[in-house]
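Trainee: Hi! Could you walk me through the charged pairs in this one, and then a bit of the strand layout?

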Amino acid sequence: MIIGVPKEIKNNEFRVGLTPDSVKVLVSHGQILKVEAGAGMGIGVSDKEYLEAGAEVISEVGEIFRDSELIIKVKEPQPEECKLLRKEQILFTYLHLAADRRQTELLLESGAIAIGYETVKKGGDLPLLAPMSEIAGKLSVQAGARFLEKSFGGTGILLGGAAGVLPARVLVIGGGIVGQNAAQVALGMGAEVSILDTSAGKVRSLNDKYRGSIKCSLSGTDSIKRHSQASDLIIGAVLSPGAGAPKVVTRETLRIMRPGTVIVDVAIDQGGCFETSRPTTHEDPVFVVEGVLHYCVANIPGAVPKTSTFALNKVTLPYIIKLATRGPDAAFTEIPGFSDGLNICKGKLTNKAVADHLELPHVDWVSAIGEG
Ligand SMILES: NC(=O)c1ccc[n+]([C@@H]2O[C@H](COP(=O)([O-])OP(=O)(O)OC[C@H]3O[C@@H](n4cnc5c(N)ncnc54)[C@H](O)[C@@H]3O)[C@@H](O)[C@H]2O)c1
């Protein structure tokens, strides 16, 4: 198969879909690799390294989209990239369609086969979302701590406090991968940390794990209001796979929060879990609503592209090898949970959660992929 790796063009996105090591592995499986010139620049990888790994380095992105049967990216295709996609071409990348009707429409129009990293399943887990969730969770507290500093617009509170001065209170809503990584970093920085989650089983297992060092309890309207009022930093880390994020913190709750509270809405890539959130970028990451500082960067791991690229590639490579060597139909059959990643196939929506959220019809992947 011809596999294309374009340079990411989203604001401040420096990650790349394949590292030279992954290219080498794919070449050893008989694949032809076309990498856009400068694609690895943001992580300190030169075109020469891709050439040495066996790829062709292409200066025209149009040529990559024209010639490749499989396109490997990191972030969702931007409108100009969607227009380059063609019928039955396979796109494997993060999509987050529930938060993006325009992208959904453009991908449907393209006729391409769009597989989203974030909805591929393995047992009950999301193996291709997990590494980025781990990184985003850790970074969310780093970002939150920075924006609590006075010169960044915060109230001037240090997460860990000082001798004789109480630490800051950090609330994490959603105790999954993002939430636990955020909570552990906040705890490590000396903050007083609580986690709220709607799953009783999750709360029970978190309480067993943290044994009181992090207080974990059931999430609900009252508990969210009570904790929000008392917190200095709130991390939004909820997920309902594929669907839009539930709005767990309303504008009304913001009004009872202390002015200068910082919220980091990590779930913004799924539409955000604060009613007042809207996506921001690393270039212009924050805005203020009702006196509360909102940090809503949709590609948080993009801040550490080197770590993120290697972590992502490690988990995506086995799926890419299977796709390239066996084709999508066989790959979906042979790897359990891979077909859950298929969001759009030849003009049809195949992910039920996305379709329900956008109020669009959907079909099952077997019938969609079988269509010529
Ligand atoms: N902005 C970014 O750069 C970035 C990067 C990675 C992940 N994310 C996003 O972060 C979010 C969390 O990802 P994850 O991997 O931790 O998911 P996860 O599935 O591991 O955890 C989600 C948790 O949220 C809980 N939950 C669901 N609804 C809830 C509600 N109403 N109230 C409280 N808890 C609720 C679930 O029980 C689960 O424990 C996702 O939206 C993901 O797309 C964003």
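Trainee: Let's start with Lys10: buried or exposed?

Mentor: Lys10 counts as buried, at 19% relative accessibility. Buried here means under 20% relative accessible area, exposed means over 50%, and partly exposed lies in between, using a 1.4 Å probe and protein chains only. Keep in mind that this is a predicted model, where local features need pLDDT of at least 70 and side-chain atom pairs count only at pLDDT 80 or more, while totals for chains, interfaces and linings use all residues. Residues are numbered from 1 along each chain as its sequence is written, and side-chain values use heavy atoms, with hydrogens and water left out.

Trainee: Great, and what does Lys10 form a salt bridge with?

Mentor: Its partner is Glu76, and the closest N and O atoms are 2.6 Å apart. A salt bridge is a side-chain nitrogen of Lys or Arg within 4 Å of a carboxyl oxygen of Asp or Glu. This pair links distant parts of the chain, 66 residues apart: Lys10 sits in the loop between strand E1 (2-5) and helix H1 (20-28), and Glu76 in the loop between strand E4 (70-72) and helix H4 (79-82). Helices (H or I, at least four residues) and strands (E, at least two) are DSSP runs, numbered from the N terminus. Glu76 is buried too, at 10% relative accessibility.

Trainee: How many salt bridges are there in the whole structure?

Mentor: A search of the whole structure finds 19. Lys34 and Glu56, for instance, form one with closest N and O atoms 3.5 Å apart. Lys34 is in strand E2 (residues 32-36) and Glu56 in strand E3 (residues 56-58), 22 residues apart. Lys34 is buried at 9%, whereas Glu56 is partly exposed at 37%.

Trainee: Which residues are linked in a network with those two?

Mentor: Arg66 and Asp67 are linked with Lys34 and Glu56 in a network of salt bridges.
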